[in-house]
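I opened the notebook to record what I looked up in this structure.

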Amino acid sequence: MKNNHLKIGFGLVLILSMSMNLFGQAAGVEEKIDSLLRLMTLEEKVGQMNQYSGFWEFTGPPPKQDAAKVKYEHLKNGMVGSMLNVRGCENVRAIQELVVNESRLGIPLIFGFDVIHGHKTLSPIPLAEAASWDLEAIEKSARIAAIEASAVGINWTFGPMVDISRDARWGRVMEGAGEDPYLGAKVAVARVKGFQGDDLSAPNTIAATAKHFAAYGFVDAGREYNTVDIGTSTLFNIVLPPFKAAAEANVCAFMNAFNILNGIPATADKFLQRDILKGQWGFDGFVISDWGSGKEIVNHGFAHDLREATELAANAGSDVDMESYAYIAHLKNAVEEGQVEEAVIDDAVRRILRVKYKLGLMDDPYKYCDPSREKELLYHPDHMAAALEMATKSIVLLKNENQLLPLKKDQKKIAVIGALAADKTSPLGSWRLGSDDGTAISVLEGLSNYSTDFKYAKGPDLTEGLVHFVFELKINETDTSGFAEAIQLAKESEVVVMVLGEHGFQSGEARSRTKLDLPGLQQQLLEAVFEVNPHIVLVLMNGRPLAITWADEHVPAIVEAWQLGTQSGNAIAQVLFGAYNPSGKLPMTFPRSVGQVPIYYNHYNTGRPASETDVFWSHYIDESNKPLYPFGYGLSYTQFEYADLQIEDTNPNAIEVRVTVKNTGKMKGEEVAQLYIRDRVASVARPVKELKGFQKFALNPGEAKTLVFTLTNTELGFYDNAGKFLVEPGEFDIMVGGSSQTGLAGKLMLK
Ligand code: NOJ
């Protein structure tokens with residue numbers, strides 16, 4: 001049948017792109033799409049809804065052996081609309097040429113890739129970036145990621161991940177902005193803006209994807225790909241706001257999710273995709289499935305077979321099928337036999353083509369394939385400088401007893417201990433497919449710029465053998481060689497910098513943990529070193545909050561350095577030696593013990609919030625309710641004092657909250673002032689605290705600044721259990737401070 005088609009090719013697509021309407025005006029994108037849709041066969045339309053991974057890389061379960069041949073034929077025949085995991089100008093051009101020259105209509109492909117926190121030059125993992133609370137810096141980081149990714153032919157990223165999560169066991173918390181929907185929404189917008197820029201058709205901007213729609217961050221027990229069953233209040237007030245913000249920021253695509261949400265697989269969820277996203281929010285981009293999530297509808301027990309899964313997903317508004325081979329196998333028949341209306345297909349294809357037009361691919365399919373950009377821009381010095389700045393801003397100072405930090409410039413006899421101190425790959429995190437192993441500045445390299453008086457002892461290996469790929473990861477639990485040398489060095493030293501934490505592949509997709517301790521032999525090593533030298537600065541490298549309660553009780557200084565990307569070691573050294581005064585604040589609560597998880601600051605009060613009887617109240621018998629480090633917490637080498645909270649409520653549409661913050665210490669520093677509200681009584685109970693504003697600013701010693709926060713209905717309202725936004729009059733607490741647990745409090749009576 002296909003061979004009987006007239007070959008029309010890209011020439012026509014280009015003519016359509018430039019065509020005029022009846023009135024002689026250049027045709028608008030929608031008119032061009034109308035014309036193109038009229039030319040397309042049903043099979044070609046379905047082709048646009050089909051996405052394949054490249055032949056040589058995969059970021060999900062590996063394809064079958066003969067997949068490459070099938071994919072090649074499908075590409076040639078216009079049965080593929082986009083690819084993932086193809087990169088490099090040469091590779092992208094080769095596949096684009098195949099499609100543009102060989103398929104009947106020659107509609108260009110979009111090339112997607114997981115550009116999560118940079119492409120070659122890596123910024124900190126997204127959770128770490130969120131700890132900066134610096135939206136400008138985060139936007140810039142995404143901008144740079146787009147510049148580098150677009151230089152290798154990529155024109156679409158599967159980011160930002162805007163999933164809120166309260167469960168540090170879930171490996172993908174590293175990829176989000178933490179536990180709070182307000183911060184999460186702001187960060188989502190910054191990232192979308194950074195990736196997409198002002199002009200999507202420019203060769204250095206890429207389409208962004210808000211993922212995973214929805215509630216993937218609430219997998220039961222933090223176990224990857226597990227069930228999600230949450231209430232409507234959590235869905236509307238916690239999960240959806242960052243997605244809504246991304247849609248309002250004109251993100252090009254949404255990705256649905258692996259999980260079921262309250263019994264419905266996200267990929268087949270009509271309510272989420274059609275009613276909310278495309279209906280209420282008016283989203284005009286397209287929705288892509290997650291890798292194979294279309295076929296997993298069958299595993300979920302929601303469809304009998306792939307054919308039914310196809311119908312359900314398409315009808316629910318999942319426009320593109322990533323690697324399920326479902327649409328390509330069944331969608332045409334489903335339309336012909338009446339289970340899916342052709343209008344559903346037309347709508348999906350329109351959405352996909354719209355993004356192709358926006359990206360400029362319909363005018364020039366090779367606009368992202370300029371090898372000179374590839375040469376010039378990867379690891380560009382400006383990108384390295386920005387990655388360093390972002391990395392310093394992402395570090396959170398958790399503890400600093402007796403001002404052990406910053407280390408003096410002439411500090412003598414520093415011991416550096418821990419396998420991660422020399423690791424040049426773990427700081428790149430697990431989403432580093434586009435980058436090169438071994439390209440992170442290690443802590444040892446960073447420190448060598450500040451001190452010549454340090455010695456290194458690795459201690460025990462963190463892993464058993466070298467780890468090049470996630471499948472090879474095995475944490476060393478038994479081989480204690482290296483202990484003796486480390487202890488000896490600690491004995492001979494004045495101060496010990498211990499670099500401990502998680503291997504880069506211990507967080508990320510499919511890397512849930514049941515323990516939140518220091519993996520392997522590291523806790524044992526820490527305690528052994530402490531025995532001989534308690535002057536320890538613990539530098540943590542990790543992709544999730546850890547329950548380091550022992551360390552908090554014993555070790556005088558703790559620096560949360562996450563996985564900071566290419567410039568990791570330089571940023572850590574700057575903070576240790578005071579060249580940068582740490583300013584990060586936690587975007588996610590650190591538990592005291594894994595049994596407290598999920599633990600989060602914006603919890604409800606419960607009916608029994610405090611002890612009246614000593615026993616029958618909401619608590620544990622073996623652990624406090626308090627976190628180890630709360631949301632919004634982070635120290636500085638200077639101190640900030642909050643004073644003079646004023647709440648101006650004469651204008652009920654815009655309440656002004658003023659507070660004065662003064663740097664009372666001896667060093668210039670940056671502070672993140674946070675505003676929280678509590679709606680005391682509402683028709684649906686509200687949490688004890690909700691973040692509703694923040695400002696990051698620098699102050700010199702002795703300097704003070706008066707901040708003004710504005711609260712409107714948007715901040716004061718909430719969604720009821722039917723998803724309706726309500727603003728209810730009554731009493732509110734207003735709290736402003738340097739964390740979710742400290743600061744000044746006042747009252748507001750909303751009329
Ligand atoms: C599965 C992940 O869940 C998703 O986030 C990612 O974009 C795709 N794989 C493609 O790599």
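**Entry 1: aromatic rings**

I looked for a group of rings first. Trp133, Tyr182, Tyr601, Phe631, Tyr676 and Phe694 form one aromatic cluster. I kept in mind that this is a predicted model.

Then I asked how many aromatic pairs there are by this rule. The count is 25. I wrote down one of them in detail. Tyrosine 225 and phenylalanine 258 pair edge-to-face, with centres 5.1 Å apart and planes at 85°. An angle over 60 degrees is what puts a pair in that class. The two residues come from distant parts of the chain, 33 residues apart. Tyrosine 225 is in the loop between strand E5 (209–213) and helix H9 (232–248). Phenylalanine 258 is in the loop between strand E6 (253–256) and strand E7 (260–261).

Phenylalanine 258 has 6%, so I noted it as buried.

I took a second pair next. Tryptophan 562 and phenylalanine 590 also form an edge-to-face pair, 6.1 Å centre to centre, with 75° between the planes. Tryptophan 562 lies in the loop between strand E16 (557–560) and helix H21 (568–576). Phenylalanine 590 lies in the loop between H21 and strand E17 (640–648), so this pair ties together parts 28 residues apart in sequence. I found both tryptophan 562 and phenylalanine 590 buried.

**Entry 2: charges over rings**

I checked for charged side chains above aromatic faces. Arginine 166 lies over the face of tyrosine 600, 3.6 Å from the ring centre. Arginine 432 puts its charged end over the ring of phenylalanine 505, at 4.3 Å from the centre.

**Entry 3: glutamine 674**

I turned to a single residue. Glutamine 674 lies in strand E19 (residues 669–679). Its relative accessible area is 0%, so I listed glutamine 674 as buried.

What does the side chain of glutamine 674 reach? I found the backbone oxygen of valine 672 at 3.3 Å. I also found a polar contact with the side chain of tyrosine 676, at 2.6 Å. Tyrosine 676 was already in my notes as a member of the aromatic cluster.

I then set aside neighbours within four places in sequence and looked at the other contacts of glutamine 674. Among them are Trp133, Lys585, Leu691, Phe694 and Met735. Trp133 and Phe694 are in the aromatic cluster too.

**Entry 4: serine 624**

I found serine 624 in the loop between H21 and E17. Its relative accessibility is 30%, so serine 624 counts as partly exposed. Leaving out residues up to four places away in sequence, serine 624 touches Arg592 and Gln596. A polar atom of the serine 624 side chain lies 2.7 Å from the backbone nitrogen of lysine 626.

**Entry 5: domains**

I looked up the domain assignment. It gives domain 1 (1–107), domain 2 (115–374), domain 3 (384–596) and domain 4 (640–750).

How many residues of domain 2 are in contact with domain 3? I noted 43 from domain 2, against 41 residues of domain 3. The C-alpha centres of domain 2 and domain 3 are 32 Å apart. The area buried between them is about 3,100 Å², and carbon and sulfur atoms give 61% of that. On the domain 2 side, Leu122, Ala168 and Arg169 lose the most area to domain 3. Together these three make up 18% of what that side buries.

**Entry 6: backbone details**

I searched for cis peptide bonds. One joins glycine 159 and proline 160, with omega about 5°. Proline 160 is in the loop between strand E4 (156–157) and helix H8 (181–196). Another joins phenylalanine 213 and alanine 214, with omega about 0°. Alanine 214 sits in the loop between E5 and H9.

Next I looked at positive phi values. Alanine 221 has a phi of about 60° although it is not a glycine. Alanine 221 is in the loop between E5 and H9. Lysine 413 is not a glycine either, and its phi is positive, near 45°. I placed lysine 413 in the loop between strand E11 (396–400) and strand E12 (414–417). At 45% relative accessibility, I marked lysine 413 as partly exposed.

How values were computed:
Residues numbered from 1 in each chain as written. Predicted model: local features only at pLDDT ≥ 70, side-chain atom pairs only at ≥ 80, totals over all residues. Heavy atoms only, no water. Phe/Tyr/Trp six-rings, centres within 6.5 Å; stacked < 30°, edge-to-face > 60°. Helix = DSSP H or I, 4+ residues; strand = E, 2+ residues; numbered from the N terminus. Buried < 20%, exposed > 50% of the residue type's maximum accessible area, 1.4 Å probe, protein only. Lys NZ or Arg CZ within 6 Å of the ring centre and 35° of its normal. Polar contact = N/O pair within 3.5 Å; in protein donor to acceptor, adjacent residues only side chain to side chain. Contact = heavy atoms within 4.5 Å. Domains from an automatic or database assignment. Buried area = accessible area lost by both parts, 1.4 Å probe.
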